[in-house]
Every structure is written in C-alpha cells, then in structure tokens.
Amino acid sequence: MQEEIARIVGSVIKFFLFHLLWEIVLLNLGRATLLLCTFGRYPRDQWVELHSDRISTAGLAVVLLAWISRAVFNRTIGA
C-alpha cells in the first residue's frame, strides 16, 4: 500500500515539475527569443496560445544550444 502511494505521489510530482518546466520556463524563454529574433512580430496576441508547443520547443532549442556551446567552449579552450 505504501509503495502505491509513493508511486502515485512520485507521478504527480513528476507531472507538475514537467508542466512547470515546459509551460513556464521554456515557454517564456522561447517567447523572449522569438520576439528578439523577429523584432517583436512573433509571437503576439492569440499566437502565444495557438503555438505554445512550438514556442516551448524554441525555448528548449535555446537551452540545448547554450549547453552545447558551453560544452564545446570548455572542451576546446579549457575550464
């Protein structure tokens, strides 16, 4: 019984952490990046709600690009 409760609580915590990361952090990072790259044209108004997955994916791409560039910098130039 305790294992089931622990598994359910773990699943709920994972869901909320994933939702928090995807919907808040990556969405806002992707939105800021796209607004910078398009000089404020995209995403605006209703596009934020319609394309929230695409905007979050852009935020994920920014995080991955920053992580890869840091890894390359540390590998080639040194820590």
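In these legends, two residues touch, or are in contact, when heavy atoms of one lie within 4.5 Å of heavy atoms of the other. Please keep in mind that every view shows a predicted model.

**View 1. Confidence along the predicted chain.** The mean pLDDT of the protein chain is 89, and 97% of the residues reach 70 or more. Among the elements of the chain, H3 has the highest mean pLDDT, at 92, while helix H2, residues 47-50, has the lowest, at 85.

**View 2. Helix H1 crossing helix H3.** Here H1 (residues 2-37) packs against H3 (residues 52-76), with the two axes 7 Å apart and at an angle of about 80 degrees. Angles of 65 to 115 degrees count as roughly perpendicular, so H1 is roughly perpendicular to H3. On the H1 side, the residues that meet H3 include Trp-22, Leu-26, Leu-27, Gly-30 and Arg-31. On the H3 side, Asp-53, Ile-55, Ser-56, Thr-57 and Leu-60 are among those meeting H1. Sorted by class, the contact of H1 with H3 has 10 nonpolar, 6 polar and 2 charged residues.

**View 3. Helix H3 and its buried residues.** Follow H3 from end to end: its 25 residues reach 36 Å from the first C-alpha to the last. That span is close to the 36 Å expected at 1.5 Å a residue. Which residues of H3 are buried? They are Ser-52, Ile-55, Ser-56, Ala-58 and Gly-59. The cover over these buried residues includes H1 and H2.

View 4. Is Ser-56 buried or exposed? Its relative accessibility is 0%, so Ser-56 counts as buried. Leaving out residues up to four places away in sequence, Ser-56 touches Trp-22, Leu-26 and Leu-27.

**View 5. Trp-22, seen from the H1 side.** Now we turn to Trp-22, in helix H1. At 19% relative accessibility, Trp-22 falls under the 20% cut-off, and therefore counts as buried. How far apart are Trp-22 and Ser-56? They are 34 residues apart in sequence, yet their C-alpha atoms are 6.4 Å apart in space. Setting aside neighbours within four places in sequence, Trp-22 is in contact with Leu-27, Asp-53, Ser-56, Thr-57 and Leu-60.

View 6. Pro-43 lies in the loop between H1 and H2, and a cis peptide bond, with omega about -5 degrees, joins Tyr-42 to Pro-43. Phe-39 belongs to the loop between H1 and H2 as well. Phe-39 has a phi near 55 degrees, a positive value in a residue other than glycine. With 78% relative accessibility, Phe-39 counts as exposed. Asp-45 is another residue of the loop between H1 and H2; although not a glycine, Asp-45 has a positive phi of about 55 degrees. Asp-45 counts as exposed too, because its relative accessibility is 62%.

Methods
Residues are numbered from 1 along each chain as its sequence is written. This is a predicted model: local features need pLDDT of at least 70, side-chain atom pairs count only at pLDDT 80 or more; totals for chains, interfaces and linings use all residues. Side-chain values use heavy atoms; hydrogens and water are left out. Axes are lines fitted to C-alpha atoms, for helices over the stretch in contact, and angles run from 0 to 180 degrees between N-to-C directions. Helices (H or I, at least four residues) and strands (E, at least two) are DSSP runs, numbered from the N terminus. Angles under 35 degrees count as roughly parallel, over 145 as roughly antiparallel, 65 to 115 as roughly perpendicular and the rest as oblique. Ala, Val, Leu, Ile, Met, Phe, Trp, Tyr, Cys and Pro count as nonpolar, Asp, Glu, Lys and Arg as charged, and the others, Gly among them, as polar. pLDDT is the predictor's confidence in each residue, from 0 to 100. The expected span of a helix is 1.5 Å times one less than its number of residues. Buried means under 20% relative accessible area, exposed over 50%, partly exposed in between (1.4 Å probe, protein chains only).
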